[in-house]
Amino acid sequence: MKKYVVAIVGATGAVGTQMLACLEEQQFPVGALKLLASPRSAGKVVSTPWGEVTVETAAPEAFDGVDIVLGAAEDDVAKALYPEAVRRGAVVVDNSHAFRLDEDVPLVIPEINAADALQHKGIIANPNCATIIGLVPTWPLHQLAGVKRMIVSTYQAASGAGVPGMRELEEQIGCMGRGEEIPAPAAFAAQLASNLIPQIGGEKYQGFTSEEMKMQNEGRKIMHLPDLRVNCTCVRVPVLRSHSESVTLEFERDITLEQAREALASAPGVKLVDDLAAESAHDRWPMPLDTTDQDLIWVGRVRRDISNPDALRGITFWCCGDQIRKGAATNAVQIAKLLCE
């Protein structure tokens with residue numbers, strides 16, 4: 001089997017660290033590994049399955065000889081470096097949103113539109129984490145009945161703000177437990193512990209935030225549904241890791257609950273957990289604690305949308321998925337594996 005020279009940009013952050021773990025878990029054919037980060041992380045030595053690797057500064061010359069780049073850096077870094085990586089012969093799988101809506105850049109969830117990845121011109125975009133978590137279970141239902149409208153509320157964990165967000169929540173919870181004063185927030189706009197923050201991203205369109213518009217704009221591109229209508233509200237919640245979503249779908253054609261459950265139970269990347277009568281709460285519905293540090297999107301609370309006047313064309317469900325894994329790192333590594341296959 002051919003082996004590849006792989007570089008991870010943002011290798012010392014939460015997503016970059018998880019990308020490294022996913023390469024090993026998915027038995028990716030790594031021939032050599034480069035770990036790239038900001039100058040403050042350069043020189044750090046990381047133990048990997050492919051030996052000790054010294055972190056290098058992310059710079060154009062670092063991409064010489066690299067086959068595949070997994071990007072876990074911010075938009076400004078992505079725009080500055082990834083076109084240069086392509087010029088030097090690499091294919092980039094980028095987790096930022098710098099290129100997601102570019103016409104010439106495929107936006108890929110392998111369970112949905114794997115073939116799009118092969119149409120790349122050097123850069124393939126990894127979708128937003130909430131988009132991935134919501135669309136993976138939506139796709140098999142769309143294949144049955146043709147989704148035309150989505151109403152989504154997301155409950156997004158501190159992990160969406162990376163290591164600083166998780167540390168801030170842990171610190172706040174610790175201060176509350178010890179009865180100490182909670183420091184002013186830095187990673188979030190307000191205190192997250194014992195609180196909800198109903199804004200993620202800046203204002204983008206008619207009072208909707210940039211995070212909320214991603215579900216529609218990215219969903220249209222991934223599922224090849226240019227007329228898909230989405231109303232999304234994104235909320236930051238005091239959960240360390242794993243995002244949750246409430247999703248209501250309206251369809252073009254009739255769909256029964258039995259058909260919906262069967263499709264979800266057999267769909268790639270999905271685990272159906274939907275038994276309100278189960279003895280254990282862990283078997284009744286998905287929860288962030290259960291879905292942390294694994295790659296499936298758990299789906300439950302599958303029921304009719306009783307607000308839809310055409311009752312046979314509305315389905316509501318609840319889903320949870322690990323934001324750092326399937327919402328970011330795992331999806332990127334799965335895309336990279338498509339290139340190898």
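Colleague: Specifically, in which strand is Glu250 found, and which residues is Glu250 in contact with, leaving aside its neighbours within four places in sequence? Which residues does Lys148 touch, not counting residues up to four places away in sequence?

Modeller: The model is a predicted one, and I shall begin with the whole protein. The fold contains nine helices and 16 strands. Along the principal axes, the C-alpha atoms fill a box of roughly 60 × 55 × 45 Å. Of the 341 residues, 53% are buried. The accessible surface amounts to about 15100 Å², and carbon and sulfur atoms account for 50% of that area. Where contacts join residues at least 6 apart in sequence, 68% of them link residues at least 24 apart.

The domain assignment divides the protein into domain 1 (4-127 + 328-340) and domain 2 (131-323). The centres of domain 1 and domain 2, taken over C-alpha atoms, are separated by 26 Å. Across the two, 18 residues of domain 1 are in contact with 21 residues of domain 2.

The part you ask about may now be taken residue by residue. Glu250 belongs to strand β13, which covers residues 243-251. Its relative accessibility is 19%; the limit for a buried residue is under 20%, so Glu250 counts as buried. Once neighbours within four places in sequence are set aside, the contacts of Glu250 are Gly146, Val147, Lys148, Arg149, Asn308 and Arg313.

Lys148, one of these contacts, is found in strand β9, residues 147-156. With a relative accessibility of 26%, Lys148 counts as partly exposed. Not counting residues up to four places away in sequence, Lys148 touches Glu250, Phe251 and Glu252, and also Asp227, Leu228 and Arg229. A further distance concerns Pro226: this residue lies 78 residues from Lys148 along the chain, and the C-alpha atoms of the two are separated by 9.9 Å.

To draw the part together, Glu250 of strand β13 and Lys148 of strand β9 are in contact. Glu250 is buried at 19% relative accessibility, whereas Lys148 is partly exposed at 26%.

Definitions and conventions
Residues are numbered from 1 along each chain as its sequence is written. This is a predicted model: local features need pLDDT of at least 70, side-chain atom pairs count only at pLDDT 80 or more; totals for chains, interfaces and linings use all residues. Side-chain values use heavy atoms; hydrogens and water are left out. Helices (H or I, at least four residues) and strands (E, at least two) are DSSP runs, numbered from the N terminus. Buried means under 20% relative accessible area, exposed over 50%, partly exposed in between (1.4 Å probe, protein chains only). Contact means heavy atoms within 4.5 Å. Accessible areas come from the Shrake-Rupley method with a 1.4 Å probe; for residues, only the protein chains shown count as cover. Domain bounds come from an automatic or database domain assignment.
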